[in-house]
Amino acid sequence: MIGHNANVSINREAVASATWGFPLCILGLNGSGSGLTLSGMANLTADNCVIWTNSTGSRSMDFSGGDATTKFFCAAGRAPVTGGTQLTPRPTENCDIIPDPLGDWRAPAAGTGEVVTSLSVTSQDPRALLRELQRLFLNRDLKLAFRAIDSALRTGDPLPDSAVKLITLSFNAVLATSPTARALLKRDGTFRNGPAVGLTPLEVAQILGIIDNLDPSGFGSDPYVTNPTQTLVPGTYIGLDISRGHVRMQPGVYHILDAPLIVRRKATLSGEGVTIIFHGQDATFSVTDQARATLSAPTDGETAGLLLAQDSRDAISGKPPRSRLTGSGSVSLIGTVYLPHHSFAITGDGAADQTSPMLQIVADSVNVSDNGALKIVFNQSETEVPAKIKPARNARLLR
């Protein structure tokens, strides 16, 4: 090209990706491991919204089975797809990290913890329950027979349902020959006294999160349909073990201190306009077995839109606490689930397969496995509960 009048046309094609205006449904905050895993025959549907993970690792999103559909998958690291997983659309990798959208949120102060003891609801001390299990299973005459439970007690990793079934088959026979078991347990297999009185060892393991689901033959005769409704009022509770009947939460804020909130067997928990706030390493949320939970967040006030929450300032050491939706019951949640230090598991035989018009989950990691199902069809016109996390307005240059 010669001369001051010479010119040449230069063209370049750019490709961009945008999430303008689409709300966030799932955000995994873990920075190096897996922020989202999908495996087995699990199903994850999050229509009209975005699923994002902040991990910059090689398995920021880890797909090894099942199927998932959403508006947009975006992983800050890699997102391998194996095991015949069906995804729509394919995940985008090397996305920007989203700062914790509720990192500045501060939980209202908890009051003095109340211990509840009733036919339907009791408060459990997880540390005391753990000591009872150790007294039973760490003895020489039981330790070898129940190696899986011994391992779970040491590592804190939950046992798969297949292992629980094998344990259940031999449980009564082994306990019947154990001097330790005869000293600690009644003939019906429940603890004679102490913190676990009236509970079977497997029920204790379930409350502690070592076991997800029990053999339904143990609670098949529960008269939950005819049991009266028990009403809870807003306040501070040292955990809630809801094992039978109907429990209804009045609108307001509930603080759960240093112990699990678990709904199990065939019990039901319901509440409109409630926010449940978890404090401490042992405060987790679980729905297991054939239990049912129907909860929606407040539509206004200080905690509007927040359904389950944990203050990000809570000091959590070691492995993230595990909250879970599992079993063959039904779960309906409307609102924001903000558990920044928890792993959130949706597993078993279904659990959260009821369609929610507004559900946002922010957790350290989200795991959907086995036959677990989560279905969100985001549609704010179908609920008055506001979205706590506003729609993202992001665009990025791909090439």
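What is the volume of the second largest pocket? About 910 Å³. Keep in mind that this is a predicted model.

Let's stay with that pocket. Its lining has 41 residues, and those nearest the centre are Asp188, Gly189, Thr190, Thr200 and Glu203. Several elements each give at least two lining residues: β8 (121-122), α4 (161-176), α5 (179-184) and α6 (201-207). The largest share comes from α4, with 6 residues. By type, the lining holds 15 nonpolar, 15 polar and 11 charged residues.

Now the largest pocket. Its volume is about 1100 Å³. Here 40 residues form the lining, and Gly156, Pro158, Leu208, Gly209 and Arg322 are the closest to the centre. At least two lining residues each come from α1 (126-137), α3 (147-155), β20 (322-325), β21 and β22 (359-368). Helix α3 has the largest share, 4 residues.

Next, the packing. The largest nonpolar core has 61 residues. Which of them touch the most other members? They are Leu240, Met249, Leu261, Ile276, Phe278 and Phe344. Strand β21 (residues 330-346) gives this core its largest share, 7 residues. So much for the overall picture; take Leu261 as a close-up. Setting aside neighbours within four places in sequence, Leu261 is in contact with Leu240, Met249, Ile256, Leu269, Ile276, Phe278, Thr284, Phe285 and Ser286. There is also a second, separate core, of 29 residues. Among its members are Leu136, Phe137, Ala163 and Phe171.

Technical notes:
Residues are numbered from 1 along each chain as its sequence is written. This is a predicted model: local features need pLDDT of at least 70, side-chain atom pairs count only at pLDDT 80 or more; totals for chains, interfaces and linings use all residues. Side-chain values use heavy atoms; hydrogens and water are left out. A nonpolar core is a set of buried Ala, Val, Leu, Ile, Met, Phe, Trp, Tyr and Cys residues joined through side-chain atoms within 4.5 Å. Buried means under 20% relative accessible area, exposed over 50%, partly exposed in between (1.4 Å probe, protein chains only). Contact means heavy atoms within 4.5 Å. On a 1 Å grid over the protein atoms alone, a cavity is a set of points where a 1.4 Å probe fits but cannot get out, and a pocket is an open set with protein on both sides within 12 Å along at least five of seven lines; lining residues have an atom within 4 Å of a point. Grid points are joined across faces, edges and corners, and a volume is the space filled by probe spheres set on the points. Ala, Val, Leu, Ile, Met, Phe, Trp, Tyr, Cys and Pro count as nonpolar, Asp, Glu, Lys and Arg as charged, and the others, Gly among them, as polar.
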